[in-house]
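Subject: Structure handover

Hello,

Here is the structure I promised you. Please open it next to this email and follow along.

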Amino acid sequence: MPNIKFSYLYRDTGNYKKFDFVIFANHDNIQLLALETIIKSKLIYDTYFYPTEWKLPEFFTDPIDFRIDPTWHEFESIEYTDETANTLLDLNEFIDVIKKTNWQW
């Protein structure tokens with residue numbers, strides 16, 4: 001089974017964007033639809049999440065003004081990829097972390 005690429009972005013109040021992704025090794029053959037369902041069930045306003053709470057790298061535009069700019073990031077997509085994993089975070093651990101997120105909006 002191919003690896004899974006999780007793509008996300010940061011958007012500041014000026015609508016400037018910065019994109020990044022994490023590629024997880026998919027040793028347990030996790031299906032995209034199942035993973036996407038879990039992810040979407042835990043997003044804030046169906047779009048946002050805090051990367052540090054999901055054990056993902058946090059990044060911002062430059063310059064950043066935390067007085068007016070948000071700190072959450074936007075989920076963009078997940079897809080299968082043949083690219084090499086770029087994180088040591090286990091995909092099952094990532095799923096468990098997401099499931100423990102308790103946003104009520």
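Predicted model: local features only at pLDDT ≥ 70, side-chain atom pairs only at ≥ 80, totals over all residues.

β1 and β4 pair in the antiparallel sense, over seven bridges. On to the next pair. β1 and β2 also run antiparallel, and eight bridges join them. Within that pair, Y10 stands opposite K18 of β2. The hairpin of β1 and β2 has five residues between the strands.

Now zoom out. Four strands form an open sheet, in the order β2-β1-β4-β3, with antiparallel pairing. Which strands are at the edges? They are β2 and β3 (48-49), and each pairs on one side only. For β3, the partner is β4 (residues 73-81): two bridges join these antiparallel strands. Y48 stands opposite E74 in β4. Helix α1 packs on the sheet and touches β1 and β4. The direction of α1 makes about 170° with that of β4.

Is β1 largely enclosed or open to the outside? Eight of its nine residues are buried, so β1 is largely enclosed by the rest of the structure.

Take α1 (32-41). Its buried residues are L32, L35, I38 and I39. They cover an arc of only 135° around the axis, which puts them on the same side of α1. What covers them includes β1, β4 and α2.

Next comes α2, residues 91-100. Here the buried residues are L91, F94, I95, V97 and I98.

**The aromatic rings**

How many aromatic pairs does the structure hold? There are 15. Two are worth a look.

- F49 and W54: the ring centres are 4.5 Å apart and the planes are at 15°, so the pair is stacked. Both F49 and W54 are buried.
- F60 and F66: the ring centres are 5.2 Å apart and the planes are at 85°, so this pair is edge-to-face. F60 has a relative accessible area of 19%. The cut-off for buried is under 20%, so F60 counts as buried.

There is also an aromatic cluster. F6, Y8, F24, F49, W54, F59, F75 and F94 form it. Note that F49 and W54, the stacked pair, belong to this cluster.

F19 lies in strand β2, residues 17-24. Is F19 buried, partly exposed or exposed? Its relative accessibility is 48%, so F19 counts as partly exposed. Leaving out residues up to four places away in sequence, F19 touches Y8, L9, F59 and E76. F19 and F60 are 41 residues apart along the chain, and their C-alpha atoms are separated by 9.2 Å.

Best wishes

Key
Residues numbered from 1 in each chain as written. Heavy atoms only, no water. Buried < 20%, exposed > 50% of the residue type's maximum accessible area, 1.4 Å probe, protein only. Contact = heavy atoms within 4.5 Å. Pairing = 2+ DSSP bridges. Axes fitted to C-alpha atoms, helices over the stretch in contact; angles between N-to-C directions. Arc of directions from axis to C-beta. Phe/Tyr/Trp six-rings, centres within 6.5 Å; stacked < 30°, edge-to-face > 60°.
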